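Subject: Structure handover

Hello,

The structure we discussed is below. My notes on it follow.

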Amino acid sequence: MLAVNQVSRTFQSGTTGFENIDLQVKRGEVVGVLGTSGCGKSTLLRVLSGLDPEYEGSIRTKSENHANAFGMMFQEPRLMPWLDVLDNVTFGFSKPSKKEAALELIETVGLKGFEHHYPKDLSGGMAQRAAIARSLLSRPDILLLDEPFSALDAFTKMQLQDLLLSIWEQHHTTTLLVTHDIDEALYLCDRIVIMRGQPGRIESELFIQRPKPRKRGDAVLGELKEQILRELDFTKR
Amino acid sequence: MSSRTEAAVSSPAVQRTKIKTSPKRKRGGAWLGLILPVLLLVLWETASRAGWVAPYLLPSPTAVVEEMTGMAQDGELWGHISITLYRVSAGFLAGLSAAVVLGAATGYSRLARQLLDPMLQALRAIPSLAWVPLFVLWIGIGEASKITLVAVGVFFPVYLNLTSGIQGVDRKLIEVGRIYQFTSLQQIKKIILPAALPSFIVGLRSGLSLGWMFVVAAELLGASQGLGYLMVYGQNTSAPAIVIGSILLFAVFGKLTDEVLKRIQTRALKWQDNLENA
């Protein structure tokens with residue numbers, strides 16, 4: 001579905017970005033990218049989504065138009081404040097053709113009844129729900145999530161993680177989730193890629209075979225967390 | 001499925017009721033603004049009637065109104081009003097068009113900004129009335145020079161607010177457009193213009209008020225008709241009622257036109273998260 005070969009993106013300072021990333025993602029797979037701050041995991045998503053075109057290496061997708069293959073969701077909702085929820089979800093498309101699909105998605109993310117509210121009238125969690133709906137409307141082959149819930153409170157975060165699970169159950173969207181929240185990655189992902197260093201490289205990979213939905217307090221996940229924490233240990237170089 | 005905390009948000013009813021009550025409160029507030037002017041009018045009238053001030057300096061409000069209605073019945077007043085309105089609106093449109101073109105260019109393109117902005121900022125530093133002799137020399141004493149002067153006054157606030165509005169557009173929103181593969185034109189239409197709209201409307205309102213200021217200046221300096229001319233006429237014939245009447249008419253028309261823009265502003269910007277819409 002997505003093949004990333006020897007992709008590097010370094011900035012002039014030479015200390016940020018990432019280098020020599022190899023990553024294959026299968027259809028329907030949910031891959032988490034975990035890493036310490038500054039290891040270039042957000043930059044990786046910016047490169048994949050086409051926001052940052054100055055990379056080396058090759059990125060291949062199944063779709064003909066590379067850029068259309070991706071849907072992106074940011075850390076902040078990034079809704080257009082002058083559009084109501086429905087118009088924000090259909091943003092970038094001609095409204096009549098997508099209205100039905102948009103209304104359906106709005107219902108899926110639990111915002112039914114809020115179609116004509118402006119972003120200023122939404123809570124942080126609701127705005128992020130609208131952003132999920134927007135990123136799904138184009139039916140992207142691969143959904144890129146850049147720390148999507150890191151700005152939300154713990155309860156809203158859990159609700160939205162469960163929302164993502166139920167969306168994956170319905171749509172089987174291939175997803176790349178960048179996060180610094182180990183529990184989130186363990187709860188949601190089929191595979192976790194751990195990035196380290198400046199510039200960042202892929203340090204190791206971890207397959208999580210537990211069926212979803214998982215229990216948040218699962219003992220096996222707890223052990224995996226220990227292992228990841230050891231991997232991320234800052235004293236190791 | 002038991003571990004799921006499934007996703008339903010509470011109904012929007014609470015917010016609806018809040019939205020319904022707020023306009024009522026705002027309309028009630030409008031009457032408060034009338035208290036002071038009415039009090040002042042009453043004080044002024046009594047002061048004139050009681051003879052506390054000399055009528056050749058400050059005639060009573062009723063005298064002013066009589067004078068103006070007299071002129072209105074003669075038909076003389078309408079000519080003055082309409083020519084002034086014409087100058088303001090023509091100048092406003094001219095200044096606005098120039099400001100939109102140049103402001104959009106300098107706001108959006110770095111090259112245009114580096115090329116044009118320093119010169120425009122330098123021109124802005126010239127006190128606008130300093131243009132009057134030059135305009136009169138170049139385009140004569142007719143309508144064109146007055147309209148040009150108004151246009152110059154309108155141009156700068158609109159231009160400044162539009163460029164800074166465009167430059168202030170959130171990079172994060174622009175990135176959303178890039179995810180959607182927007183062309184430059186789509187970026188401008190769907191993201192940059194709506195995002196710059198609040199600043200642009202602020203520019204329109206201050207541009208309009210400067211337009212009114214400049215039409216007075218133009219008419220004071222050389223005109224044979226118009227509200228500004230009427231003031232000079234009142235001064236020369238020692239008729240304070242005419243001067244005060246003209247001032248009041250300026251106030252009325254300035255307020256009315258600003259009110260139109262303000263209405264547009266509230267309607268177009270009801271999405272803004274600010275005190276006005278709270």
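Which residues does Leu177(A) touch, not counting residues up to four places away in sequence? They are Val30(A), Gly32(A), Val33(A), Leu145(A), Ala185(A), Leu188(A) and Cys189(A); contact here means that C-beta atoms, placed from the backbone, lie within 7 Å.

Some conventions before the rest. This is a predicted model, in which local features need pLDDT of at least 70 and side-chain atom pairs count only at pLDDT 80 or more, while totals for chains, interfaces and linings use all residues. Residues are numbered from 1 along each chain as its sequence is written, and chains are lettered from A and ligands numbered from 1 in the order in which they are written.

Strand β7 (residues 174-179) of chain A has six of its six residues buried, so it is largely enclosed by the rest of the structure. Buried means that 20 or more other C-beta atoms lie within 10 Å of the residue's own, against 12 or fewer for exposed and in between for partly exposed, with C-beta atoms placed from the backbone. Helices (H or I, at least four residues) and strands (E, at least two) are DSSP runs, numbered from the N terminus. Thr174(A), Leu176(A) and Val178(A) point one way from β7(A), and Thr175(A), Leu177(A) and Thr179(A) the other way.

β7(A) pairs in the parallel sense with β3 (residues 30-35) of chain A over five bridges; pairing requires at least two DSSP bridges between the strands. Val33(A) stands opposite Val178(A) there. Five bridges also join β6 (residues 142-146) of chain A to β7(A), again parallel, and Asp146(A) has Val178(A) as its bridge partner.

Leu177(A) and Val33(A) are among the residues with the most contacts inside the largest nonpolar core, which has 67 residues. Such a core is a set of buried Ala, Val, Leu, Ile, Met, Phe, Trp, Tyr and Cys residues joined through C-beta atoms within 7 Å. Its largest share, seven residues, comes from helix α4 (residues 124-137) of chain A.

Elsewhere in chain A, an open sheet of three strands has the order β2-β1-β4, with antiparallel pairing. Its edge strands are β2 (17-25) and β4 (56-61). Six bridges join β1 (residues 2-10) to β2(A), and Arg9(A) stands opposite Phe18(A).

Seven of the nine residues of α1(A) are buried, so this helix is largely enclosed by the rest of the structure. Leu44(A), Leu45(A) and Val47(A) are among the buried ones. Just after α1(A), Gly50(A) takes a positive phi of about 90°.

Regards

Definitions and conventions
Two residues are in contact if their C-beta atoms, placed from the backbone, lie within 7 Å.
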